[in-house]
Amino acid sequence: IFEKHADEIPWFGLEQEYTLFELDQVTPLGWPKNGFPGEQGPFYCSAGADVSFGRAVSDAHYRACLFAGIEISGTNAEVMPGQWEYQVGPAEGVKAGDDLWMSRYLLDRVCEEF
């Protein structure tokens, strides 16, 4: 396929999901200790302090990626409390994969601050 379309430059976009945990490394952020949260509805792509657990981490990670020149294009809360995702790209060729690896490293470093 690439040889047939050698004059074109492919773009790629990747998505990374992740879950934030309390320092006990067992309880997802926003979950009650030794229990389960309520129905998933209020948390999906959530907005509001009572349902968007980890937004400060997500926002700090997004800014760190932009500062580092990573082609990050979005972020949002996911289905369960403490679960987030972000999108890298569109980027040309293998840059999307390189950006994803570096964005994971930055996420780890950002989490150290919280």
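How does Arg109 count at 43% relative accessibility: buried, partly exposed or exposed? Arg109 counts as partly exposed. Buried means under 20% relative accessible area, exposed means over 50%, and partly exposed lies in between (1.4 Å probe, protein chains only).

This is a predicted model, in which local features need pLDDT of at least 70, side-chain atom pairs count only at pLDDT 80 or more, and totals for chains, interfaces and linings use all residues. Residues are numbered from 1 along each chain as its sequence is written, and side-chain values use heavy atoms, leaving out hydrogens and water.

**Sheet**

An open sheet is built from 3 strands in the order S1-S3-S2, with antiparallel pairing. Helices (H or I, at least four residues) and strands (E, at least two) are DSSP runs, numbered from the N terminus. Two strands pair if DSSP finds at least two bridges between them. Strands S1 (11–19) and S2 (72–77) are the edge strands; each pairs on one side only. From one strand to the next, the twist averages 15 degrees. S2 and S3 (residues 83–92) are joined by 5 bridges. Asn76 stands opposite Glu85 in S3.

**Helices**

Helix H1 (residues 55–68) lies across S1, S2 and S3, at about 175 degrees to S2. Helix H2 (residues 95–111) lies across S1 and S3, at about 145 degrees to S3. Axes are lines fitted to C-alpha atoms, for helices over the stretch in contact (heavy atoms within 4.5 Å). Angles run from 0 to 180 degrees between N-to-C directions.

In H1, Val57, Ser58, Ala60, His61 and Cys65 are buried. Seen down the axis, the buried residues of H1 fall within an arc of 165 degrees, so they line one face of the helix. The arc is taken from the directions from the helix axis to the C-beta atoms. These buried residues pack against S1, S2, S3 and H2. Arg63 and Phe67, on the other side of H1, are exposed. Just after H1, Gly69 takes a positive phi of about 85 degrees.

**Salt bridges**

The structure holds 3 salt bridges (a side-chain nitrogen of Lys or Arg within 4 Å of a carboxyl oxygen of Asp or Glu).

| Pair | N to O distance |
|---|---|
| Asp24 and Lys33 | 3.7 Å |
| Asp99 and Lys95 | 2.7 Å |
| Arg109 and Glu112 | 3.3 Å |

Asp24 is partly exposed at 37% relative accessible area; Lys33 is exposed at 54%. Asp99 is buried at 8%, while Lys95 is partly exposed at 32%. Asp99 and Lys95 are 4 residues apart in helix H2, so about one helical turn separates them. Glu112, the partner of Arg109, counts as exposed at 52% relative accessibility.
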